[in-house]
Structures are given as C-alpha cells and as structure tokens.
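Work through these exercises with the model open beside you. Try each task before reading its solution.

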Amino acid sequence: MVREHLECPICSEEFGMQTRIFGCSQDHWICEACAADERLAECPICRESFRSRPPMRKFTVEKIAGIVMRNRDGKFESAEMA
Ligand SMILES: [Zn+2]
Ligand SMILES: [Zn+2]
C-alpha cells in the first residue's frame, strides 16, 4: 500500500501534508529535516551519494502524500495518481 511508504526511512517521521519531501534520483524519499542534515552522506536505501548529488525536492510525492493523508481515515485506500 502506498501509505506504508509515506514515512521517512531515517527518522520514521510520517510525511504529513506540510512535510517537504526530498529524495535521491531513484525516488527514495526522506523528510526535509533529514535532507538538510549535513551528516547524511548517502541515500539510506540505495546508498547513492548525496555529496555528489544532493537530494532533490519531490513535489509530486508531496502532492500524493497530501492526498493519502487527507483520505487516511476515509474510504480511499490508494492514492489517486492523477
Ligand atoms: Zn527524516
Ligand atoms: Zn536512493
């Protein structure tokens, strides 16, 4: 389910509707606070170096996270990708 992936793998903070989400080029997502941490040298999932390629903001993911969070207690189990 989409929802299970909507948390930061580093700090386990859930991506809320206000969270700015960053990620590596492979689309592994981390929260803004972790992305800003200078000690974070690489993606925790694929080990892509953040030194040579800093994490990028994922606007599409933020949008999806917003939809999922808004519907989390509702009838919609999966996010609308459109
Ligand atoms: Zn985090
Ligand atoms: Zn990665």
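**Exercise 1. Find which residues make up the largest nonpolar core, and which elements supply them.**

Solution. This is a predicted model.
- Step 1: List the members. The largest nonpolar core has eleven residues: L6, C8, F15, I21, F22, W29, I30, C31, A35, A65 and V68.
- Step 2: Assign them to elements. Strand 1 (21-23), strand 2 (29-31) and helix 2 (59-71) each give two or more residues to this core.
- Step 3: Pick the top contributor. Strand 2 gives the most, with three residues.
- Step 4: In soluble globular proteins, nonpolar side chains tend to be buried together.

**Exercise 2. Decide whether A65 is buried or exposed, and trace what A65 touches.**

Solution. 
- Step 1: Locate the residue. A65 belongs to helix 2.
- Step 2: Apply the cut-off. A residue is buried if 20 or more other C-beta atoms lie within 10 Å of its own. A65 has 25 other C-beta atoms within 10 Å, so A65 is buried.
- Step 3: List the contacts. Leaving out residues up to four places away in sequence, A65 touches L6, F15, T19 and I21.
- Step 4: Look at one of these pairs. L6 and A65 are 59 residues apart along the chain, yet 6.7 Å separates their C-alpha atoms.

**Exercise 3. Work out the strand order of the sheet and which strands stand at the edges.**

Solution. 
- Step 1: Read the order. The open sheet has three strands in the order 2-1-3, and the pairing is antiparallel.
- Step 2: Find the edges. Strand 2 and strand 3 (56-57) each have a single partner strand, so one side of each is left without a neighbour in the sheet.
- Step 3: Check one pairing. Strand 1 and strand 3 run antiparallel and are joined by two bridges. G23 has M56 as its bridge partner in strand 3.
- Step 4: W29 touches I21, G23, K58 and V61, not counting residues up to four places away in sequence.

Definitions and conventions: Residues are numbered from 1 along each chain as its sequence is written. Chains are lettered from A and ligands numbered from 1 in the order in which they are written. This is a predicted model: local features need pLDDT of at least 70, side-chain atom pairs count only at pLDDT 80 or more; totals for chains, interfaces and linings use all residues. A nonpolar core is a set of buried Ala, Val, Leu, Ile, Met, Phe, Trp, Tyr and Cys residues joined through C-beta atoms within 7 Å. A residue is buried if 20 or more other C-beta atoms lie within 10 Å of its own, exposed if 12 or fewer, and partly exposed in between; C-beta atoms are placed from the backbone. Helices (H or I, at least four residues) and strands (E, at least two) are DSSP runs, numbered from the N terminus. Two residues are in contact if their C-beta atoms, placed from the backbone, lie within 7 Å. Two strands pair if DSSP finds at least two bridges between them.
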